[in-house]
Amino acid sequence: MKARKSKKRAPSFRKLLKTSKVKLDNKLKNKQYKQQSTAKKYRKEQRKLRQAVKDVVSKKPVLLEDGKHILRAQRTEEEEEEEALPLDMMDEDDLQLLKDLGQVPSFLTRDLSSSEPVHIKKRKQESIIDKYEKVPRRLQTEPEKEVIHLLPIKDKCGIIPQTREKPVVNINANEEEEQEEMEFEEVTEDPLPKLTTEEYVIERRRKLQDRKIHIAALASAILSDPESNIKKLKELRAMLMEQDPDVAVIVRKLVMVSLMELFKDITPSYKIRPLTETEKASKVRKETQKLREFEEGLVSQYKFYLENLEQIIKDWKQRKLKKSNVVSLKAYKGLAEVAVKSLCELLVALPHFNFHNNIIVLIVPLMNDKSKLISEMCCEAVQKLFKQDKLGHASLGVVKVISGFVKSQNYVVRSELLKSFLYLRIKEIEVKKDTEDINAPKKFMSYKEKRKSLSRMQRKWKKAEEKLERELREAEASESTEKKMKLHTETLNMVFVTYFRILKKAQRSPLLPAVLEGLAKFAHLINVEFFDDLLVVLHTLIESGELSYRECLHCVHTAFHILSGQGDVLNIDPMKFYTHLYKTLFKLHAGATNEDVEIVLQCLDVMLTKRRKQVSQQRALAFIKRLCTLALHVLPNSSIGILATNRVLMHTFPKTDLLLDNESQGSGIFLPELDEPEYCNAQNTALWELHALRRHYHPVVQRFASHLIAGAPSEGSEALRLDLSRRSAIELFETYNMKTMTFNPPVTSVNPTKKDTIFHVDSYLNEDLNQLIRTHSNETIIQLPLDFTRYLKTSVQ
């Protein structure tokens, strides 16, 4: 017969879950009830004990020895009474009963001092007031001694209280004893050996050398076999908590740098992800298990190391002294600088590894730190990361954090944060793509093409070759152009969002020059739809009068960068920007604004040279004349840059050579004070400033002035040297900079020629004159008394 199937279904998971929840609730309730009952019993016992102690305290304490004497006296009295009682007066039945009772053991073992029977029932507790009333009153004839109540003793008779008189403490005696004990301890303790300064230095060097050897041994062991010795990373990281105050600071710095270099060397070139539960449960080979353990240990130690660095920086920021007091407050800054340096190195070296975003979050606020050293370190690290990042993942993360930080600080941050955007590789990739983007991926032959052109054996080899190529491509895992461009687009959007926020909400912020400089760099990537609005905003900023001269120059530079790219399509004549630059050129001088000449040279290059088709001859003549006048009252490097710009303009606009002629060409008079370059009649003047610059003390300025007077020829005696003609105006401005307060080029020293023969003074005089001098010098001087009255008498007569 077939076994009958049980119709009872297995309970579902939900039902099991529900049932288990009910059981857990019941268990919890039972546990709570049990706790409540035990607590109730405990309170009841404590209440009884307190009541018993109160009863005992209310009674008069009786010493145990006195109680024994009373019991003995009572027993002797009873014996005497029994002896005095004649047995003849008792009946025979009573005598027999006494004999029987005497043979019962309970009668012998019974405590006769108790008046209560053995099997008496428990009476109800008497009230506290009744018991208090039963206590006998007594007068206080003697001063009561202070009594210490001890724990009572429970006996067959009941609870027997215990007390003790409080001893009188002699304070002076105790003080003397304590002093004697202290003196005894001071005598018994061996004093620590005091080291001299030289011995202390030698001991410190020895400790430091031991720590260095230990660090080197651990590091070399880890580098030799990272997978086997990954646990030694923990031992090395534990030295970050060095407790010896003599070498704590130096050892912690050494360990931080050593761990940083170790992680740079042993970390793989991929990101380690955590294992899933299925992967942990599955069985793998020993090699795979060893690799997993290595990766897990590496990630955990790397995480703890970053946490230690973060804690060091926090301690320096908060300036809170640790309880251990191993490191002083003065050493916190040095430790923090090494920690920041380590974080910056890891930020640049490991952009692909775990916790890179956490490092970015730590580094970006430190770019705005008050300490100049730490701020510069962090800014340089971010700039290096932007320069070497080809894919754009790390750059996008840094740009997002910087944008959020600038917004959270209400746009009051260092300008270096936004200047770091200038190092992004977005412009380079657009102009000059990488080789992997230029070389298009190879297309494989279809089956029909193989069938037509290849034999059977060739098709077989071709199939194997294509399979290998596909595997190699997967192993390379190269990013596609679309993905790269998507990352760059998102990065650029974040950059422009930051720039436009500042232009809209914080126009008086010190970040405005960096914003304008960034817009000038990425202007070719801005959407054409925003050009009109952006030019209006820039012109409004210039006309507002709230910007400094340098910021106005940045506005002009940005506007022309926008128009030089995609703006060529637009039909816009930025005459107002030309007028503003022409009007403000004379604000430059040899003082503080001399450094702004570099921005002016960049603006002139974009405005006149690159837009030569949109520039009229009158405008070019006006700018050349004003630039020559400007070259008279600036520093030599600025004069060289301005003359080099004029040389380029004279080559770009050949008809401007009429300025080298003294005779006027056309009607009108030159109006140098007019701010409109189109209507100042610059064709009716000459470049007389070049003749003044020809006598300049700087040799390079003299050379450029002579070159321009000759018409800027490319050949001949007045042609420039190759090192001057091939350099741009900005390069010449930087080359001949005088920041170091030295002549550039150096002035050659002229040594006076030494004469072989030395001529005496006598050789230049006449012989008769020499003879007269000798006679007068050899004569003795006779001093006679002076008589002024003689001369007075003669004058009166």
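**Cysteines and a helix pair in a predicted model**

The structure holds zero disulfides (a disulfide is a pair of cysteine sulfur atoms within 2.5 Å). This is a predicted model: local features need pLDDT of at least 70, side-chain atom pairs count only at pLDDT 80 or more, and totals for chains, interfaces and linings use all residues. Residues are numbered from 1 along each chain as its sequence is written, and side-chain values use heavy atoms, leaving out hydrogens and water.

Trainee: How far is the sulfur of Cys 555 from the closest cysteine sulfur?

Mentor: Cys 555 counts as buried, at 0% relative accessibility. The closest cysteine sulfur is in Cys 552, too far for a bond. The distance is 6.1 Å.

Trainee: Are α27 and α28 roughly parallel or roughly antiparallel to each other?

Mentor: Take helix α27 (residues 617-630) and helix α28 (residues 636-652). Their axes (lines fitted to C-alpha atoms over the stretch in contact) come within 9 Å. They cross at roughly 160 degrees, on a scale from 0 to 180 degrees between N-to-C directions. Angles over 145 degrees count as roughly antiparallel, so the pair is roughly antiparallel.

Trainee: Which residues of α28 make the contact with α27?

Mentor: Contact means heavy atoms within 4.5 Å. From α27 come Ile 624, Leu 627, Cys 628 and Leu 630. From α28 come Ile 642, Thr 645, Asn 646, Leu 649 and Met 650.

Terms used. Buried < 20%, exposed > 50% of the residue type's maximum accessible area, 1.4 Å probe, protein only. Helix = DSSP H or I, 4+ residues; strand = E, 2+ residues; numbered from the N terminus. Parallel < 35°, antiparallel > 145°, perpendicular 65-115°, else oblique.
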